Amino acid sequence: GFVHKGLAERPTARTIHISTVHAHRAGAHAVTELGWAMASAVEVLRGLESQGLSLEQVASSFSFRFAIGRDVFTEIAKLRAARALWWRVLDAAGVAAPPPLFAVAETSRRTLSRRDPWVNALRVTTQVFAAMVGGAEIIEAASYDEALGARSPLGARLARNTRLILEEEAHLSAVHDPAGDSYYVETLTEGLAKAGWEELQR
């Protein structure tokens with residue numbers, strides 16, 4: 001009853017959150033992250049369907065959180081593959097018009113250095129770049145000094161402005177799917193999606 005009421009009152013809210021950040025921090029590969037994300041989503045879909053909700057009604061309530069690591073092309077492809085897998089899951093479940101995957105990305109905490117914190121500014125920038133090119137709707141950037149403890153005011157400011165600079169000065173948001181039709185990225189995306197689907201089946 002609680003779920004029914006919540007969806008009725010906020011039909012467009014992202015009330016179901018699937019995250020693979022814990023797996024990423026433990027060292028999981030992109031394929032594992034994709035397979036486990038979709039397996040978790042399938043489990044939730046089955047549970048909601050058993051409560052009497054239609055999958056068309058709940059599909060747009062999902063959001064997915066991924067950590068973005070240091071391999072730029074793999075992370076771009078991971079987000080693109082996640083979209084393809086989510087569409088395939090919903091299509092297999094009989095959803096007539098599957099909504100697009102809503103992706104939340106955070107820069108990887110496992111790549112932050114304590115001994116040379118300034119290099120973290122570069123790592124976070126490439127990770128934010130990958131998240132933007134991969135099509136994440138929300139991006140959370142780590143501070144360069146986060147591994148040393150609490151964020152400094154400068155660290156928080158740089159973390160906030162990284163996306164703004166890439167968006168407003170590099171115009172990354174002006175192009176829809178900037179990695180589209182790149183043979184390398186498309187091939188990598190297809191490979192990750194296929195392996196992710198096999199991991200889901202496993």
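These legends go with a handful of close-ups of the predicted model. Residue numbers start at 1 along each chain as its sequence is written, and side-chain values use heavy atoms, with hydrogens and water left out. Since this is a predicted model, local features need pLDDT of at least 70 and side-chain atom pairs count only at pLDDT 80 or more, while totals for chains, interfaces and linings use all residues.

**View 1. Strand 3, covered on both faces.** Strand 3 spans residues 103–107, and five of the five are buried, so the strand is largely enclosed by the rest of the structure. Buried here means under 20% relative accessible area, exposed means over 50%, and partly exposed is in between (1.4 Å probe, protein chains only). Ala103, Ala105 and Thr107 sit on one side, with Val104 and Glu106 on the other. Strands are DSSP runs of E with at least two residues, helices are runs of H or I with at least four, and both are numbered from the N terminus.

**View 2. Strand 3 beside strand 2.** Strand 2 (residues 62–68) runs parallel to strand 3, joined to it by five bridges; strands count as paired if DSSP finds at least two bridges between them. Look for Arg65 opposite Val104. To get from strand 2 to strand 3, the chain goes through helix 5 (residues 72–92), a right-handed β-α-β crossover. Right-handed means that, with the strands pointing away from the viewer, the path from the first strand over the helix to the second runs clockwise.

**View 3. Strand 3 beside strand 4.** Here strand 3 pairs with strand 4 (residues 138–140) in the parallel sense, over three bridges. Glu106 has Glu140 as its bridge partner. Helix 6 (residues 118–134) carries the chain from strand 3 to strand 4, and this β-α-β crossover is right-handed.

**View 4. Strand 1 and its alternating side chains.**

**View 5. Arg14, in the loop between helix 1 (2–9) and strand 1.** Arg14 has 37% relative accessibility, so it counts as partly exposed. Beyond its neighbours within four places in sequence, Arg14 is in contact (heavy atoms within 4.5 Å) with Ser60, Ser61, Phe62, Ser63 and Phe102. Glu137 is 123 residues away along the chain, with 12 Å between its C-alpha atom and that of Arg14.
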